[in-house]
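Thanks for sending this one over. Here are my notes, point by point, to read beside the model.

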Amino acid sequence: VQLQASGGGSVQAGKSLRLSCRASGRILSLNIMGWYRQAPGKQRELVADCTIGGVTNYAESVKGRFTISRDNARNTVYLQMDSLKPEDTAVYYCNMRTWRDNSWGQGTQVTVSS
């Protein structure tokens, strides 16, 4: 499975960004797609994920500000990030996991300035 992410960038606090990630290759139907992030000097952490049935899970720090969604026909997951804060600055990684695989995208930088 290959994951191609896009949509990162630099914005001011309070603004919005939207990340996209498209999966390709041999994709199992029962999968969870999500986003993780890693800030400098910190461990990679879950931001949000979504099952193929649409069940979502969010980190407490992004609840109410970020929205994850997916288009199963396009094997694509999105992360709408609103009301961004400087502490959201990190490299964001797309992830797809199944019973067989745990695949990562290349990472996209999100920088939020105050």
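1. A word on counting before we start: a salt bridge here is a side-chain nitrogen of Lys or Arg within 4 Å of a carboxyl oxygen of Asp or Glu. By that rule the count comes to 7 salt bridges. Please keep in mind that this is a predicted model.

2. Glu 45, at 36% relative accessibility, counts as partly exposed.

3. A further salt bridge joins Asp 49 and Arg 97, whose closest N and O atoms are 3.2 Å apart. Here again distant parts of the chain are linked, with Asp 49 in strand 5 and Arg 97 in strand 9, 48 residues apart. Asp 49 counts as buried at 6% relative accessibility, whereas Arg 97 is partly exposed at 27%. As for shared partners, salt bridges join Arg 37, Glu 45, Arg 65 and Asp 88 into one network.

4. On to the cysteines. The structure holds 1 disulfide, formed by Cys 21 and Cys 94 with their sulfur atoms 2.0 Å apart. The link is left-handed, with -85 degrees about the S-S bond. Since Cys 21 lies in strand 3 and Cys 94 in strand 9, the pair ties together parts that are 73 residues apart in sequence. Both cysteines of the pair are buried.

5. Cys 50 counts as buried, at 3% relative accessibility.

6. Last, the packing. The largest nonpolar core has 27 residues, and those with the most contacts inside it are Trp 35, Leu 79, Met 81 and Tyr 92. Among the elements that give two or more residues to this core are strand 1 (2-6), strand 3 (17-24), strand 4 (32-38) and strand 9 (90-97). Leaving aside residues up to four places away in sequence, Met 81 touches several residues, including Leu 17, Leu 19, Phe 66, Tyr 92 and Val 110. Arg 65, a member of the salt-bridge network, is also touched by Met 81.

Notes:
Residues are numbered from 1 along each chain as its sequence is written. This is a predicted model: local features need pLDDT of at least 70, side-chain atom pairs count only at pLDDT 80 or more; totals for chains, interfaces and linings use all residues. Side-chain values use heavy atoms; hydrogens and water are left out. A nonpolar core is a set of buried Ala, Val, Leu, Ile, Met, Phe, Trp, Tyr and Cys residues joined through side-chain atoms within 4.5 Å. Buried means under 20% relative accessible area, exposed over 50%, partly exposed in between (1.4 Å probe, protein chains only). Helices (H or I, at least four residues) and strands (E, at least two) are DSSP runs, numbered from the N terminus. Contact means heavy atoms within 4.5 Å. A disulfide is a pair of cysteine sulfur atoms within 2.5 Å.
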